[in-house]
Amino acid sequence: MKEGRLHAGVPRTFSIWRRLLWWLVPTFLAVAVVTAALSYGTFTHMVADFLDGQMVQLGDSIARYGQPTAPSAQVDDGAIAKGDYVVQVFEPDGRPVATSWSGLPPGQPLRPGLHDVRAGGRAWRVYVAAGAGGRTIQVFQSSDFRSGLAVERAGMAAVPVLVLVPLLMLVMLGVARGISRSLRAIGQQAARQDAHSIEELPLAHVPDEIRPLVASFNDLLGRLRDSFVAQRRFVQDAAHELRTPIAAVRVQLENLRDELAGSAGNRQLAQLEAGLQRAQRLVDQLLRMSRQEAAPTEPPGPVDVEAQVRDSIHGLIALADRRQVDLGLVAQEGDEAATLHCTPADLRSALDNLIENAVRYTPEGGVVDVHLKREDARVVVEVVDTGPGIPPQYLARVFDRFYRVPGSQAEGSGLGLPIAQAAARRCGLRLSLRNRGDRSGLAARLESTE
Amino acid sequence: MRVLLVEDDEMLGQGLHEALSRKGWSVDWVKEGALALSAIADGDYACVLLDLGLPGMDGIEVLRRVRQGGNKTPLLVLTARDALDQRIDGLDLGADDYLVKPYALSELLARMRAVIRRRDGAAQSVIGEDGALQLDLGTREVLIQGVRSQLSAREFALLHALMERSGTILSREQLENRIYGWGEEVGPNALDVLIHGMRRKLGAQAIRNVRGLGWRVEPRSAGGSA
């Protein structure tokens, strides 16, 4: 999984969306609460003034125009809760004449004016007016209704803010997704970089806020590329420079061999020459490796595997002859041509290193078979030798650069297999090693992964 | 024969000087490009061995000036660099051959002989290296360590195919196409019989079989020394 790789090893502790929610949602809720509180305060007064006005008008009009002694409209419990008035009329001596609701039994008449009282298990707002003929008119309204009205109004003021919260979450989710998409795109481009082709990340679809990060990342990539180039150049220069002293030692050794012809030092001379061969091979492999790390010089295309195997054997048959190793090709008859999509140089490099390795580690008189076959749709090349093989505990390590299996005799550089592996990977081939089951020997297997 | 050695490395120059002298060459050794130019202009060398990595004027520049001046002395480039472009540079500018360090002395001597022979313009009818298996295209004879012997037409065709580019592996099909004419009936064992016969004549190791691919003649196959 590509995405998985981006997050690998980084605990998920930080999400822009979550952080936005964390701060914005409580803020909005606080705003809603404050709005409601303020509205409540304001509306309590507005409602009180307005309703008091109405009560005064009603009470005064009853007092002035001599309303019927018993109010005709009877009210009930539900109507009271909805704000209906209760009117009570008293005689000048304080005897009740009429009440519009039996649920509120008439007590002693109050002094004229506005009062808050409790009666009949409820809180009331009451207006007392002095009527014609010494009568007293009392108009009641439920205090619960009045405060309920204020709460309702205050609630209505907070609703828009509360409605905004889920909308806001949706919008922020969308924005955060957009941002993380572009970040992920940048991340994927960064993940595609390798030592061969380090390219700067494009700034085209990068949010302004992330731009400095990408710009400094690009700066870092640039320096990384420079240092890769410098390192490759150093390895190449060093390897080239080493060739001259090796050449000098080699010429002097040959002179010495002429000088000592037939005398006792021959065994030591041979040892010296073998050591020199090894140094030379190491230098050559270093050069190959650093070239391999440079950008490929030719574009990949269809490559005939058998032709490359033939060329590779052709190039190494002289070495095999010198070491008296029987190197040969074993191809299945009648197979259609196997092709791979890669650069010929990479395939050759993988084959050369595997076959050369096999030839070098196979003792005199041994056999190296290069099998070319198809298994289902896969192309398989197997290089099988009759050498000592590799002890199982070292099989995993032989792909490390400069690693040599302890006690191995051949003049290996420790770079052949790493080079082969890198080249194989670029050809879309998987390289695996196993020891032969039928006898001692190593089988190196290249197979296409598609 | 006189050879000019242009090499700035003290140890390598000294070693080569000693080795070439031992092989009968008369060696002049210079360590700078400018000195090399004047030496080549003055002297009559059979061959120049030119190192490319010289201080001051580098080998490529020396080569360019030598060839611009119309001097055709055979010139062998010795280089520590084997980057492809540098080879082509050198050969384009008129080097006769190049050798990548470190090289075996025998290889150097063989290449020197080869460039001198080529420059002499002697009609090269003999292919193969001195002391190894050689084929005279004019007389259709094989030379085994200098000793000539006759070949049949098919034997010659076989050896010619294998030695044209020595070291090349030729498949059964390629060899049969070269040896036998169109429409000629070729028995399944004809080629094997022919090669068997040649091995008896030239030595068992002269024509080597490469399993699964074909046959080849090694460039420096001594021939005869089975």
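The legends below accompany close-up views of a predicted two-chain model.

Residues are numbered from 1 along each chain as its sequence is written, and chains are lettered from A and ligands numbered from 1 in the order in which they are written. Because the model is predicted, local features need pLDDT of at least 70 and side-chain atom pairs count only at pLDDT 80 or more, whereas totals for chains, interfaces and linings use all residues.

**View 1. Chain A as a whole contains nine helices and twelve strands.** Helices (H or I, at least four residues) and strands (E, at least two) are DSSP runs, numbered from the N terminus. Of the 450 residues in chain A, 25% are buried; a residue is buried if 20 or more other C-beta atoms lie within 10 Å of its own, exposed if 12 or fewer, and partly exposed in between, with C-beta atoms placed from the backbone. Two residues are in contact if their C-beta atoms, placed in that way, lie within 7 Å. Among contacts in chain A with a separation of 6 or more, 67% link residues 24 or more positions apart.

**View 2. Chain A meets chain B through 25 residues of chain A and 23 residues of chain B.** On the side of chain A that touches chain B, helix 5 (211–259), helix 7 (305–322) and strand 7 (326–331) of chain A each supply at least two residues. Helix 5 of chain A gives the largest share, 13 residues. By type, this side of chain A divides into eleven nonpolar, seven polar and seven charged residues. Here Ala, Val, Leu, Ile, Met, Phe, Trp, Tyr, Cys and Pro count as nonpolar, Asp, Glu, Lys and Arg as charged, and the others, Gly among them, as polar.

**View 3. The largest nonpolar core has 66 residues.** A nonpolar core is a set of buried Ala, Val, Leu, Ile, Met, Phe, Trp, Tyr and Cys residues joined through C-beta atoms within 7 Å. Those with the most contacts inside this core are Ile313(A), Ala350(A), Ile355(A) and Ala358(A). Its largest share, eight residues, is provided by helix 8 (residues 344–361) of chain A. Leaving aside residues up to four places away in sequence, Ile355(A) touches Ser312(A), Ile313(A), Leu316(A), Val368(A), Val370(A) and Val383(A). Another core, of 34 residues, lies apart from it and includes Val3(B), Leu5(B), Val66(B) and Tyr98(B). In soluble globular proteins, nonpolar side chains tend to be buried together.

**View 4. An open, mixed sheet in chain A has five strands in the order 7-9-10-12-11.** Two strands pair if DSSP finds at least two bridges between them. Strand 7 and strand 11 (429–435) of chain A are the edge strands, each pairing on one side only. From one strand to the next, the twist averages 15°. Helix 7 of chain A packs on this sheet, where it touches strand 7, strand 9 (367–375) and strand 10 (378–384) of chain A; the direction of the helix makes about 165° with that of strand 7 of chain A. Axes are lines fitted to C-alpha atoms, for helices over the stretch in contact, and angles run from 0 to 180 degrees between N-to-C directions. Strand 11 and strand 12 (residues 442–448) of chain A run antiparallel and are joined by seven bridges. Leu433(A) is opposite Ala444(A) in strand 12 of chain A.

View 5. Strand 4 (residues 122–130) and strand 5 (residues 136–142) of chain A are paired over seven bridges in the antiparallel sense, and Trp124(A) has Ser142(A) as its bridge partner in strand 5 of chain A.

**View 6. In chain B, four bridges join strand 7 (residues 133–136) to strand 8 (residues 141–144), which run antiparallel.** Leu135(B) has Val142(B) as its bridge partner in strand 8 of chain B. The hairpin of these strands has four residues between them, and Arg140(B) takes a positive phi near 55° there.
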